[in-house]
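Q: Could you walk me through reading a model like this one, starting with its core?

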Amino acid sequence: MEPVHILDPSLVYRPDISDDEKRKLGLYLDETTFKPKNQDEESFRIFSDENEEVKRTYKNMHTNQTYDFVQKKFAHWTQFNKAEMTVMEGLEFLNTLIDESDPDVDVPNIYHAFQTAERIREQHPDQDWFQLVGLIHDLGKVMAIWGDPQWCVVGDTFPVGCAPDPSIAYGVESFSDNPDLKNPLYNTKLGIYKENCGLDNVTMSWGHDEYMYRLLIHNKCKIPEEGLYMIRYHSFYPWHRSGAYDYLCSNKDREMMKWVNEFNQFDLYSKEDELPDIDKLRPYYQSLVDKYCPGKLKW
């Protein structure tokens, strides 16, 4: 199997969408788009058979993430009775985790959190909430430290309750053992959904995105809606990079895609930066936490 270059939409998955339409959806990077300092964009997000750990994580994810499974995980984790800790304590907690699904990162997630935040700070110095989103976007991965297997915590997300799109990492064949593909309720293009129902009415595969989004809502954090969209859908690569599942989207989702794409440039390209001096940066980001997500949160 050839490597799948998820990032480059000219290589993958949507020949039915014209170039003009792709540009409108934010699928092409133009001269105004934030670029990596030292890396070609095609150096990132290459999913190949040679990376056995990444491939195994996605195979487990695509086999076990059924509609019923997601409902059970949602009910379990949204009780928010696992712990009470601050955002900074949560980041320290992540210091023990390395993401098994990410072919671009082999350091603990706390470093990636500060790398992303600092990249955003360089380009958006006046949008402190955006910087904070960069810092906390992966905090939901604490579920893996509390015992969940990484295949239901990390990695790209996708809708459950309908047929998988070919743009998903490792393709539809990776879902060959998923029971929902044999269920006529779930194995069609729309599945249980109505056309243009809106992503808020779509059940996504369970992972750190949805958990962190729900946690912020539950704790009444004051991050703007654009930031909440970034957190909730930053791993939904089939949508914001390949234009898949547009038939499920509302006009609001399409408008918000530009914010998710803006965020993901920093999320992706910061992975090649030097490791940050966390102790030096901590006071500034603590001030943002105090402004938008103060005190101990319920996890």
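A: Start with the term: a nonpolar core is a set of buried Ala, Val, Leu, Ile, Met, Phe, Trp, Tyr and Cys residues joined through side-chain atoms within 4.5 Å. Buried means under 20% relative accessible area, with a 1.4 Å probe and protein chains only. Here, the largest such core has 79 residues, and L135 and I136 have the most contacts inside it. Keep in mind that this is a predicted model, where local features need pLDDT of at least 70, side-chain atom pairs count only at pLDDT 80 or more, and totals for chains, interfaces and linings use all residues. Numbering runs from 1 along each chain as its sequence is written, and side-chain values use heavy atoms, leaving out hydrogens and water.

Q: Which residues is L135 in contact with, leaving aside its neighbours within four places in sequence?

A: Contact means heavy atoms within 4.5 Å. By that rule, L135 meets M88, L91, A113, F114, A117, Y285 and V289, once neighbours within four places in sequence are set aside.

Q: How much of the protein chain is buried?

A: Buried residues are 56% of its 299 residues.

Q: Is S235 buried or exposed?

A: S235 counts as buried because its relative accessible area is 6%.

Q: And what does S235 touch, not counting residues up to four places away in sequence?

A: With those left out, S235 touches G155, D156, T157, H208, D209 and H240.

Terms used. Buried < 20%, exposed > 50% of the residue type's maximum accessible area, 1.4 Å probe, protein only.
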